[in-house]
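Visitor: I would like to learn how to read a structure by its packing, its cavities and its backbone. Could you take me through one, feature by feature?

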Amino acid sequence: MAAVSPVGPSMPDALERHRDTSAGRMRSRTVGERRTGVPEVVVVQGMAVADYLMPAVAELGRWTRAHLVELPGYAGSGEAVRPLDVTGYGEAVAEWVAGAELGPVVLVGHSSGTQVAARAGAIADGVVGVVLASPTVAPTARPLPRLLLRWRQDGRNEPPGLTPAHLWEWRRPGVAGLLHLIRVHLRDRIEDAVPALVVPVLVLRGSGDRLTTTD
């Protein structure tokens, strides 16, 4: 039986694991089977939310083994053992990848997860490619008032019910935890992290995306 969140769509069947890292215990959910010659995919959660990515992970699991990794302090992971910035979250993901012993990996981040994926991709062993889907926070979305305005504008294009589906996951960190994430992501500059990547990078942006621009 597929798991169901309090609001939102049914979750696809997945193998759930918890792995201890130096930053805290991290939950992962895995779909699909390992295939010879095909890299596995590791997807990093977005801004304190993870469930919305499971349908995409399930699709990736049709052709390889795909993992959704959740950051310490958020979603289904344990509490962070210390305050983390984006670099710290990236180091936690890199440590998770090393402990999972996956072999060649394509690292995928969505939304704020792109900043974490960019940091992790520069230091994690076995990464053969990085995908940045709707990078947030883009340089043109700084400072905070501009980011909030763009987030509200972007919300008009989201599928109905997406924000209500996020609410139950946002309750876990509360206002303080969400503000911490926003602050550290605003301080982190993805345009400085990407040049450090030595593997192919694919950037994806929707035509109506107001958070990510071509600038």
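Visitor: Leaving aside its neighbours within four places in sequence, which residues is W96 in contact with?

Guide: Before reading any contact, keep in mind that this is a predicted model. With neighbours within four places in sequence set aside, W96 is in contact with R19, T21, M26, S28, V42, H67, V69 and L102. W96 also belongs to the largest nonpolar core, which has 36 residues, and it is listed there with Y89, V93 and L107 as having the most contacts inside that core.

Visitor: Which elements give two or more residues to this core, and which of them gives the most?

Guide: The contributors at that level are β3 (40-44), α2 (86-100), β5 (105-110), α3 (113-121), β6 (127-133), α6 (174-187) and α7 (190-193). The most comes from α2, with eight residues. Another core, of twelve residues, lies apart from this one, and V43, A50, L53 and A66 are among its members.

Visitor: How should I read the direction in which residues of a helix point?

Guide: The general idea is that an α-helix has 3.6 residues a turn, so residues three or four places apart point the same way. For a case in this structure, take V97, which is placed in helix α2 and is buried, with a relative accessible area of 4%. Leaving aside its neighbours within four places in sequence, V97 is in contact with L102 and D125, while the C-alpha atoms of V97 and V42, 55 residues apart along the chain, are separated by 8.2 Å.

Visitor: How many of the residues of α3 are buried, and what covers them?

Guide: Eight of the nine residues of α3 are buried, so by the cut-off of under 20% relative accessible area the helix is mostly covered. The buried ones are G113, T114, Q115, V116, A117, A118, A120 and G121, and their cover includes β3, α2, β5, β6, α6 and α7.

Visitor: What does a search of the whole structure find in the way of cavities of 30 Å³ or more?

Guide: The search finds one such cavity, and the volume of the largest cavity is about 40 Å³. Its lining consists of Q45, G46, A48, L71, S112, G113, V116, L181 and H185, with α3 and α6 each supplying at least two of the lining residues. By class, four of the lining residues are nonpolar, five are polar and none is charged.

Visitor: Turning to the backbone, where does A75 lie, and is A75 buried or exposed?

Guide: A75 has a positive phi of about 50° although it is not a glycine, and it lies in the loop between β4 (66-69) and α2. A75 is buried, because its relative accessible area of 18% falls under the 20% cut-off. E101 likewise has a positive phi of about 50° without being a glycine, and is found in the loop between α2 and β5. E101, however, counts as exposed, because its relative accessibility is 65%, over the 50% cut-off.

Visitor: Finally, how should I read a strand, and in what sense do β1 and β2 pair?

Guide: In general, the side chains of a regular strand alternate between the two faces of the sheet. Here strand β1 (residues 15-21) and strand β2 (residues 24-31) pair in the antiparallel sense over seven bridges, and a hairpin joins β1 to β2 through two residues. Within this pairing, R17 stands opposite S28 in β2, and S28 is also one of the residues in contact with W96.

Terms used:
Residues numbered from 1 in each chain as written. Predicted model: local features only at pLDDT ≥ 70, side-chain atom pairs only at ≥ 80, totals over all residues. Heavy atoms only, no water. Core = buried A, V, L, I, M, F, W, Y, C linked by side-chain atoms within 4.5 Å. Buried < 20%, exposed > 50% of the residue type's maximum accessible area, 1.4 Å probe, protein only. Helix = DSSP H or I, 4+ residues; strand = E, 2+ residues; numbered from the N terminus. Contact = heavy atoms within 4.5 Å. 1 Å grid on protein atoms, 1.4 Å probe; cavity = no way out; pocket = protein on both sides within 12 Å on 5 of 7 lines; lining within 4 Å. Points joined across faces, edges and corners; volume = space filled by probe spheres on them. Nonpolar A, V, L, I, M, F, W, Y, C, P; charged D, E, K, R; others polar. Pairing = 2+ DSSP bridges.
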